[in-house]
Amino acid sequence: MNDVLMAIRKEKDNIDSLMTGDKLIIYGAGNFGKDVFHAAVRKGLSIIAFLDQNAKPGRHYEGIPVLRPDNSSIPANEKANIPIFLAVHNRDVELFPIISLLKTLGYLNVLTPVVFYDLLGDQLGNRFWLTNRSYYLQYEDAIREGFSVWADDTSRNLYRQVLKYRVTGDYDLPPMPDLKCQYVSTDIPSWKTPLRFVDCGAFDGDTIRKFIELGIHIQAVAAFEPDENNFRALSFFVRESLKALNDITLWPCAVYSATHRKPFFSGVGESAKLSDAGSATVQCVSLDDVIPYFRPNLIKMDIEGAEYDALLGAKQTIVENIPGLAICVYHQPDDLWRIPLLVQRWGCEYEFYLRQHAYNGFDLVMYGVRGQPDN
């Protein structure tokens, strides 16, 4: 881990050396690109163009032209010198081909979100794991402790690579993700069946559907989904497709550390989440409160940053039953180490594995599998 910790100290706040003036180009004209534009304008920077693969002729945003990357209207000397902020931060788009294309077209100063967040992160705020690199300086001891949690070399190497990418922006670092088998990783011990499955962040039933497609025997399900639209889709799926499964309960609730109501940001599909900025209010429940006798043997959590708190509300259930765990650890920057360390300190007999199931550090999952007790 020494190489990662050295990178944290070395790479922070080096954005000034990469900015050649007050002009920049933004690649990506979606929501993130627009947010980057407004943050850059507030910093006094001048945006000369957006680049977007899907740009239509004559398109503008706030008076700035939106061009295809191969557009010839930007002079070669500007392509070579003006920084281009790569405003792409999602799980579905691989950055390396974009960077290669831009450099082939003459754009030589391409900055990934990890790098330009040193300049704009204070205005953009944390976006999933993405934050200002200086953030990690306060957690060096915890990061080092987190490295020791993992049960295999694949997990330890991935942990190191993910952290090093987060503080260097070097897109050559992350390995190719496993895009097929989220929550059923083929190179870790299998879940015990028949499943008694607690699905936190059930969305429209996509994980349950995947388990059935894979032939995994499900005995019982407790599914939690607080967004109204998603819950309707989940309910429809259960009525239409799970008629043979009698022991299934659907909860239109968020999972949290305690049972009370909280603000909620709704109506955005699978990105719905607990948020103080949300205009809706949802009922939160702790698993310990609402399913004390369910006896789960698998708990999955993909709940947009509430995983740590939800685990606190499930401590008794986990300690008593030691179910398999599939917990997302990418929604908050420190989830990568604080979530496995939290569960480890409860003294359960877990072996922890880390696997990545999407691009750009997304769909990073901690798997907890009950290990063999020491003799």
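How close do the axes of helix 2 and helix 5 come, and at what angle do they cross? They come within 9 Å and cross at roughly 70°.

## Basis

This is a predicted model, in which local features need pLDDT of at least 70, side-chain atom pairs count only at pLDDT 80 or more, and totals for chains, interfaces and linings use all residues. Residues are numbered from 1 along each chain as its sequence is written, and side-chain values use heavy atoms, with hydrogens and water left out.

Helices (H or I, at least four residues) and strands (E, at least two) are DSSP runs, numbered from the N terminus. Axes are lines fitted to C-alpha atoms, for helices over the stretch in contact; angles run from 0 to 180 degrees between N-to-C directions.

An open sheet holds 6 strands in the order 3-4-2-1-5-6, with mixed pairing. Two strands pair if DSSP finds at least two bridges between them. Strand 3 (60–61) and strand 6 (110–111) are the edges, each pairing on one side only. Strand 5 (residues 84–86) pairs with strand 6 in the parallel sense over 2 bridges. Phenylalanine 85 has leucine 111 in strand 6 as its bridge partner.

Helix 5 (residues 113–124) packs on this sheet and touches strand 5 and strand 6. Its direction makes about 110° with that of strand 5. Helix 2 (residues 31–42) lies across strands 1 to 5, running at about 170° to strand 2 (46–51).

## Helix 2 and helix 5

These two helices are therefore roughly perpendicular to each other (65 to 115 degrees; under 35 is roughly parallel, over 145 roughly antiparallel, the rest oblique). Phe32, Asp35, Val36, Ala39, Ala40 and Arg42 in helix 2 meet Pro113, Phe116, Tyr117, Leu120, Gln123 and Leu124 in helix 5 (contact: heavy atoms within 4.5 Å). The contact divides into 9 nonpolar, 1 polar and 2 charged residues. Nonpolar means Ala, Val, Leu, Ile, Met, Phe, Trp, Tyr, Cys and Pro; charged means Asp, Glu, Lys and Arg; the others, Gly among them, are polar.

## Helix 6 and helix 7

Helix 6 (140–147) and helix 7 (residues 153–168) pack at about 155°, their axes 10 Å apart. They are therefore roughly antiparallel. Ala142, Ile143, Gly146 and Phe147 in helix 6 meet Arg156, Tyr159, Arg160 and Leu163 in helix 7. That contact has 5 nonpolar, 1 polar and 2 charged residues.
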